[in-house]
Amino acid sequence: QVQLLESGGGLVHAGDSLRLSCAASGLTFSMYYMGWFRQAPGKERQFVAAIRWSTGSTNYADSVKGRFTISRDSAKNTVYLQMGSLKPEDTAVYYCAARRVDLLQYNYWGQGTQVTVSS
């Protein structure tokens, strides 16, 4: 059974940093991309960042490039999202997700963690 458990959300001020964690289990990690998505109130869920577990290659949404960094720790089966220079518009529920490298859709999702950035 696949489980993705996010943690690390909270209330911060603009300009602060925050690190989200996603503890994953039940996956053959070498066959997966791990991603972070976010959804703000009244808005659609949007892609934030992704990492291919086997190679460590990453990609980011333009809105977070240079501010956020995705990484993984193979020993802990955990994916991180290091967020810096946070802005009020980064406020959202952040979700961890996984998809097989041969599929287009993310099919495993965590429960989400709230990030609130005050101005």
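These notebook entries record what I looked up in a predicted model of one protein chain.

**Entry 1. Ground rules.** I number residues from 1 along each chain as its sequence is written, and side-chain values use heavy atoms, with hydrogens and water left out. Because the model is predicted, local features need pLDDT of at least 70 and side-chain atom pairs count only at pLDDT 80 or more, while totals for chains, interfaces and linings use all residues.

**Entry 2. Overall form.** I first looked up the secondary structure and found zero helices and eleven strands. Helices (H or I, at least four residues) and strands (E, at least two) are DSSP runs, numbered from the N terminus. The radius of gyration is 13 Å, close to the 14 Å that the globule rule gives for 119 residues, so the chain is as compact as a globular protein of that length. This radius is taken over C-alpha atoms, and the rule is 2.2 Å times the number of residues to the power 0.38. Along its principal axes the C-alpha trace spans about 40 × 25 × 25 Å.

I then looked up burial: 42% of the 119 residues are buried. Buried means under 20% relative accessible area, exposed over 50%, and partly exposed in between (1.4 Å probe, protein chains only).

**Entry 3. The nonpolar cores.** Which residues have the most contacts inside the largest nonpolar core? I list Met 34, Trp 36, Leu 81, Met 83 and Tyr 94, in a core of 31 residues. Such a core is a set of buried Ala, Val, Leu, Ile, Met, Phe, Trp, Tyr and Cys residues joined through side-chain atoms within 4.5 Å. The strands that give two or more residues to this core include E3 (18-25), E4 (32-39), E9 (92-100) and E11 (113-118). Another core, of five residues, lies apart from it, and I note Tyr 33, Ala 50, Ala 97 and Tyr 106 among them.

**Entry 4. Strand E4 and its neighbours.** I found E4 mostly covered, with seven of its eight residues buried. E4 and E9 run antiparallel and are joined by eight bridges; two strands pair if DSSP finds at least two bridges between them. Tyr 94 in E9 is the bridge partner of Arg 38. E4 also pairs with E5 in the antiparallel sense, over six bridges, and Trp 36 stands opposite Ala 49 in E5. The hairpin of E4 and E5 has six residues between the strands, and there Gly 42 takes a positive phi near 75°.

**Entry 5. Strand E11.** Which residues form the covered face of E11? I record Thr 113, Val 115 and Val 117 on that face, with Gln 114, Thr 116 and Ser 118 on the uncovered one. In a regular strand the side chains alternate between the two faces of the sheet. E11 runs parallel to strand E2 (residues 10-13), to which four bridges join it, and Gly 10 stands opposite Val 115. E11 pairs with E9 in the antiparallel sense over three bridges, where Tyr 94 stands opposite Thr 113.

**Entry 6. The disulfide.** I found one disulfide in the structure, joining Cys 22 to Cys 96 with an S to S distance of 2.1 Å; the cut-off is a pair of cysteine sulfur atoms within 2.5 Å. Cys 22 lies in strand E3 and Cys 96 in strand E9, so the pair ties together parts that are 74 residues apart in sequence. The torsion about the S-S bond is about -75°, so the disulfide is left-handed. Cys 22 is buried at 0% relative accessibility, and Cys 96 is buried with a relative accessible area of 0%.
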